[in-house]
Amino acid sequence: MAGGGPAGCTAAAAAARDGARTLLVETGGCLGGTGTAGMVPAWMAFGDRQKMIVRGMAQRVFDECNRHILHVQPAMGMTSVGGPSWTPPEFWGPIDAELLKRVYDELVTGNGASIAFHTRLAGVEMCENANDTVEAVVLADKSGLRAAKAKVYVDCTGDGDLAAWAGAEFLKGAPQTGELMPATLCFMLANVDTYAYLHGKPLFPHVAQQILESSKYPEIPDSFIVPTLVGPGVVGLNAGHIWDVDPQRPETVSRAMVEGRRIADAFRRAFAEFHPAFAHAHLVATAPILGVRESRRIVGDYVLTIEDYRARRGFDDEICRNAYGVDVHRPKGVADRERMKKKVVWSRHEGYLPGESHGIPYRCLTPKGLRNVLVAGRCVSAERPVQGAVRIMSVCMGMGEAAGVAAALAARKRRPDVHAVDPRALCRRLVKHGAYLPDAKTSARRNG
């Protein structure tokens, strides 16, 4: 397994649980990706606002985290756009990053997988006589370069590095321009007056509007502010956009890290001026990794379409479901025009009504032309608008668990082929472990 984010954690845990000898390779020093090292302060859309639909391992992670977050009232859920949100707690939830690190550690190691921290995927070696088969991957760590071989490889890097380097076709960015969604460097403010925060004016849109109108904080690029109370007196911020970032170009990521830290400090100063809860707030941390929303999308046996999303479509081979709305963050030109007009806008979603969701088929995890590689997470096979919906952490965990089970099933064969995995067998395994798959479950009963 390459990549220890939400998808990689559940993929490794599921594969090991199903009897496969599993190694999870992670560049950093903790598991969890954007929810831990990336400091994204809140979960999104485990449910469809009526019931939990992302279940299995994902639900167990979510429940274990919430069990220990004692400062949040059970009915409150996430303090969403600017203040308290009274949505059902199964739909949103704050993240205690340190707690989540330990939950992921236990999930992966408790199921029998091994972890290699501070280890980077550095290359892919293909079989000499089979250009559709990965022979080995090259790993880089403090001991140097080494090769690692497996029967099946699962790419959970977020950027689709393993699959792309193995020759998989991929899509990237907007169809006409190639522009990628902006990134964000999340940060955390402490010494916040919790009562004043919960009962005062919301940061969005009220304080955001004041910041734009003041023109005193040019470092703040736009009005994007999503705050969450993550602990007593501590507010996590997913705020500010950074454009022209390509994860495959390290120089753009380096620039974004510097810019993101400037933005975080500017927000602290602006909040202190315009909201009494932040009068004495202290910037205690900026994330050590950048929050990237979009890069490669690996082309699979099926490309999930916007028509699938709008039709609330189910699939015979679906492996998880999603109820989160289409969430493609606006291009730089649009944001610049909004800033010039001092206009606060929150209108990028195309969402669902309560109780609605769509399926994600297994075929989105199987790269065309590669026999022993699976993908899971935000690099799965989907059109750009749909990627904007399924890239969230909860759904990535659902896709990861399915990829792990499929990898274990494929690895049992003498000549593993991820495209030949029986979706009915995969569905049965997932449902046995708690997955919510109404369409696939019906199909499995109908066919066998």
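Predicted model: local features only at pLDDT ≥ 70, side-chain atom pairs only at ≥ 80, totals over all residues.
Residues are numbered from 1 along each chain as its sequence is written, and side-chain values use heavy atoms, with hydrogens and water left out.

**Cavities.** I noted the definition: on a 1 Å grid over the protein atoms alone, a cavity is a set of points where a 1.4 Å probe fits but cannot get out, and lining residues have an atom within 4 Å of a point. A volume is the space filled by probe spheres set on the points. I found two cavities of 30 Å³ or more. Of the 13 residues lining the largest cavity, Arg55, Ile319, Cys320, Gly398 and Ala435 are the closest to its centre. Strand E15 (318-322) and helix H11 (393-411) each supply at least two lining residues, and E15 gives the most, with three. Helices (H or I, at least four residues) and strands (E, at least two) are DSSP runs, numbered from the N terminus. The second largest cavity has a volume of about 30 Å³. Helix H6 (residues 203-214) gives the most to the lining of this second cavity, with three residues; the lining includes Ala208, Asp222 and Phe267.

**Gln387.** I located Gln387 in helix H10 (residues 384-390). Gln387 has a relative accessible area of 1% and is therefore buried (under 20% relative accessible area, with a 1.4 Å probe and protein chains only). Beyond neighbours within four places in sequence, Gln387 is in contact (heavy atoms within 4.5 Å) with Met181, Arg293, Glu294, Arg297, Arg378 and Ala382. The side chain of Gln387 reaches the backbone oxygen of Arg293 at 3.1 Å. I also recorded 8.1 Å between the C-alpha atoms of Gln387 and Glu294, which are 93 residues apart along the chain.

**Thr305.** I found Thr305 in the loop between strand E14 (296-298) and helix H8 (306-310). Thr305 counts as buried because its relative accessibility is 16%. A polar atom of the Thr305 side chain lies 3.0 Å from the backbone nitrogen of Asp308. Leaving aside neighbours within four places in sequence, Thr305 is in contact with Glu383 and Val386.

**Hairpin.** E6 and E7 form a hairpin with two residues between them. The bridge partner of Val138 in E7 is Ala147.

Conventions
Pairing = 2+ DSSP bridges. Buried < 20%, exposed > 50% of the residue type's maximum accessible area, 1.4 Å probe, protein only. Polar contact = N/O pair within 3.5 Å; in protein donor to acceptor, adjacent residues only side chain to side chain. 1 Å grid on protein atoms, 1.4 Å probe; cavity = no way out; pocket = protein on both sides within 12 Å on 5 of 7 lines; lining within 4 Å.
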